[in-house]
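Please read the points below alongside the sequence and the model.

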Amino acid sequence: MIRLSDCCDVQIGLTAKGRLEPMPGGVRAIQLGDTTSDGELGSKEIGAYHFNEAAERYWARPGDVVFRSRGEKNLAILLDERLSQPAVAVMPLVILRPNKSMVVAEYLAWFINQPEAQHYFDLCARGTGMRMIPISSLSALEIPLPPLERQRAIAETSSLARLESRLASRLVERRQHLHSLSLLECAHVNDTTEFKTPHGGRA
């Protein structure tokens, strides 16, 4: 086991002074609202805003991980190819820059989102109105580090399992929709018409 701060840089996001104002051609910025409670980037485009040029340490890039340090779910989000260009990360997001010789970014995000790490955050959480994870607690999170190839295999297996789950959910939704259409058709036919239900019976 190794502390998170020993295998990656931990950098708090930029503290914005007031609400960021959208500006075409401005500085792209990742905010908490750009992430989902499932640990992913949202589907919408990362916005551009008007504010002074941010220091280099606040810029997040593909291959980094951002952590939701506030809110009900404190999850990690991998920044992959969907982030087409660097963007400033805004608090309460925290940037995690993995040491590539020690930890795979996909594996890092995966482990942080697992029940073991989430239970640790439950114990560390502060605040009453808004749950917050102190940076010191995040940095002290202990992570098992198997060989890099095994880390990649674990992360890939997890990604395939999530894809399978999403496809299974879509399949259930499609079947329910087809059943509803069949039952509605049954409801609209006249009483003397024989009609087969979706399960092969007669109505």
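**Notes on the predicted model**

1. Strand 3 (residues 21-30) and strand 8 (residues 87-89) pair in the parallel sense over two bridges. Within this pairing, Ala29 stands opposite Val88 in strand 8. Two strands are paired if DSSP finds at least two bridges between them. Strands (E, at least two residues) and helices (H or I, at least four) are DSSP runs, numbered from the N terminus.

2. This is a predicted model, in which local features need pLDDT of at least 70 and side-chain atom pairs count only at pLDDT 80 or more, while totals for chains, interfaces and linings use all residues. Residues are numbered from 1 along each chain as its sequence is written, and side-chain values use heavy atoms, with hydrogens and water left out.

3. Another open sheet of four strands has the order 2-9-6-7, with antiparallel pairing. Here strand 2 (8-12) and strand 7 (76-78) are the edge strands, each pairing on one side only. From one strand to the next, the twist averages 25°. Axes are lines fitted to C-alpha atoms, for helices over the stretch in contact, and angles run from 0 to 180 degrees between N-to-C directions.

4. Inside the antiparallel sheet, strand 6 (residues 65-68) is joined to strand 9 (residues 93-98) by four bridges. Arg68 stands opposite Leu93 in strand 9. Helix 2 (residues 105-112) packs on this sheet and touches strand 2, strand 6, strand 7 and strand 9; contact means heavy atoms within 4.5 Å. The direction of helix 2 makes about 155° with that of strand 7.

5. Is helix 2 mostly covered or mostly uncovered? Helix 2 is mostly covered, with six of its eight residues buried. These are Ala105, Tyr107, Leu108, Ala109, Phe111 and Ile112. Buried means under 20% relative accessible area, exposed over 50%, and partly exposed in between (1.4 Å probe, protein chains only).

6. There are four aromatic pairs. Rings of Phe, Tyr and Trp (its six-membered ring) pair if their centres lie within 6.5 Å; planes under 30 degrees apart count as stacked, over 60 as edge-to-face and the rest as tilted. The rings of Phe67 and Phe121 have centres 5.1 Å apart and planes at 45°, so this pair is tilted. It links distant parts of the chain, Phe67 in strand 6 and Phe121 in helix 3 (residues 115-124), 54 residues apart. Phe67 is buried at 0% relative accessible area, and Phe121 is also buried at 0%. Phe67, Tyr120 and Phe121 form one aromatic cluster.

7. The rings of Trp110 and Phe111 have centres 6.4 Å apart and planes at 55°, so the pair is tilted. Trp110 is partly exposed at 22% relative accessible area, whereas Phe111 counts as buried at 4%.

8. The largest pocket holds about 560 Å³ of space. On a 1 Å grid over the protein atoms alone, a pocket is an open set of points where a 1.4 Å probe fits, with protein on both sides within 12 Å along at least five of seven lines; lining residues have an atom within 4 Å of a point. Grid points are joined across faces, edges and corners, and the volume is the space filled by probe spheres set on the points.

9. The lining of the largest pocket has 22 residues, of which Gly39, Glu40, Leu78, Ser159 and Arg162 lie nearest its centre. Strand 7, helix 2 and helix 5 (148-188) are the elements that give two or more residues to this lining. Helix 5 gives the most, with seven residues.
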